[in-house]
Amino acid sequence: SFSADVVPQAPEDPLFGLMAAYRRDTDPNKVDLGIGAYRDDDAKPWVLPVVKLADEKLHSDPNLNHEYLPIAGLADFTSASQKLILGGDSPAIKEKRVTSLQTISGTGAVHLGALFLSKFYRPNTHRTAYFSDPTWPNHFQIFGNVNLPTATYPYFSKQTKGLDFDAMIGSLESAPEGSIIVLHACAHNPTGVDPTQDQWKKIAQVIRSKKHFPFFDTAYQGFASGDLARDGWAIRYFVEQGFELCIAQSYAKNFGLYGERAGCFHFVTSPSSEAESTIARVASQLAILQRSEISNPPAYGARIASLVLNDPELFAEWERNLQTMSGRIMDMRRALRAKLEELGTPGTWNHITDQIGMFSFTGLTEAQVMKLRNDSHVYMTKNGRISMAGLNTKNVEYFAKAVDKAVR
Ligand code: PLP
């Protein structure tokens, strides 16, 4: 018989523990660099102006109701999502080699992909999923929950605080043939370190020669560089090369729709005369999985994103909003690096501006992170990751001085 008293205590989610500690701190100078959400120059959440516009438009529609969406979600949203990530003139879309389902944001898309692979990907053979070391920690839990074995490939170099490219390639070369390789499309979380386009080409070559299966996680398109095509380049390159692959797409960061859980999962198959019938069968299985897990996805966030993605004027406004967010973050990178160099803080700080996106891997040790928290009320994860969005013109100097004190 079962009694719930056999259930052991689970460890607290480190990020949510950090947020709670920040909230308890009453110091007026406290700085939150933990949370992976955009903040404006006043450290406040930012509702994108384009989301406000779409919201007004949505609510002035007299036909708006609260009916269920279809199992695969809002069709206008999923088709626009394909075009956004693959490019409007993608051969995969033209050749009907893509199937897409609306999901519970990026997390739900990663989960749906992992669940699909756990059911259909090369049963009874080696099929480990490889993640970058480090990666978004939820990757391990999501793939583990569907019983896919997980492993890592080297990624971050502690020496250069950039990509350890040779070690990464070596590891992809020595992984058993047909492994699942999870890749961050841009603005790698937690390091902020992305491969160059030449490096992506070499990664694609190795994945091809080892018959690995690429699984792209894209949570920051447009948020990283401010340019949607540039941030989608790696995925578009792989599709152009004819790979069969999965994409988990999130609208949390680039639309500021965190709590609305708008996302999309795409499966792209390789070009062939069978592709259209293959993708129809894949779609039928994904629909069954989606039905059993969530029945159908939530409507509000997808309606907002869909209005913007399908309206040229709103789309242009969105691009401006993306530039505001990515531009402010780049300004903070430059300001932080300049301050640290001005203070003569021991170490090199070029990685702060070399890295891209929401996060920077500072290279601060766990002891220095704890010193920053205890002495200066600065909150960041123990691995030395900071959310650049937590910095602003009012606290960047305070933070630089606190780092200077902690590393001396
Ligand atoms: N994947 C990566 C790499 C992320 O950084 C995130 C968010 O932090 C996600 C996926 C999914 O986020 P969400 O489920 O909020 O879209």
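Trainee: Which are the buried residues of helix α16 (residues 366–376)?

Mentor: Keep in mind that this is a predicted model; in it, the buried residues of α16 are V369, L372 and R373.

Trainee: How should I read such a set of positions along a helix?

Mentor: An α-helix has 3.6 residues a turn, so residues three or four places apart point the same way.

Trainee: Which exposed residues does the face of α16 turned away from its buried side carry, and what covers the buried residues?

Mentor: The face turned away from the buried side carries A367, N374 and D375, which are exposed, while the cover over the buried residues includes β10 (378–379) and α17 (396–407). After α16 comes H377, a residue whose phi is positive, near 60 degrees.

Trainee: Which residues of α2 are buried, and which residues on the face turned away from them are exposed?

Mentor: The buried residues of α2 are V50, V51 and A54, and because they cover an arc of only 100 degrees around the axis, they lie on the same side of α2. On the face turned away from that buried side, the exposed residues are K52, E56 and H59. The buried residues of α2 are covered by elements that include α11 (252–255), α13 and α14 (312–343).

Trainee: At what angle do α2 and α13 pack, and which residues make the contact?

Mentor: Helix α2, residues 49–59, packs against helix α13, residues 300–309, at an angle of about 105 degrees, and their axes are 9 Å apart. Angles of 65 to 115 degrees count as roughly perpendicular, and α2 and α13 are therefore roughly perpendicular to each other. On the α2 side the contact is made by V50, V51, A54, D55, K57 and L58, and on the α13 side by R303, I304, L307 and V308.

Trainee: For the ligand, how many residues surround it, and which are the closest?

Mentor: The ligand is surrounded by 13 residues, and the closest of them are S105, G106, T107, N189 and S250. Helix α5 (residues 105–120) supplies the largest share of this shell, with 3 residues.

Technical notes
Residues are numbered from 1 along each chain as its sequence is written. This is a predicted model: local features need pLDDT of at least 70, side-chain atom pairs count only at pLDDT 80 or more; totals for chains, interfaces and linings use all residues. Axes are lines fitted to C-alpha atoms, for helices over the stretch in contact, and angles run from 0 to 180 degrees between N-to-C directions. Helices (H or I, at least four residues) and strands (E, at least two) are DSSP runs, numbered from the N terminus. Angles under 35 degrees count as roughly parallel, over 145 as roughly antiparallel, 65 to 115 as roughly perpendicular and the rest as oblique. Two residues are in contact if their C-beta atoms, placed from the backbone, lie within 7 Å. A residue is buried if 20 or more other C-beta atoms lie within 10 Å of its own, exposed if 12 or fewer, and partly exposed in between; C-beta atoms are placed from the backbone. The arc is that of the directions from the helix axis to the C-beta atoms. A residue is near a molecule or strand if its C-beta atom, placed from the backbone, lies within 6 Å of it.
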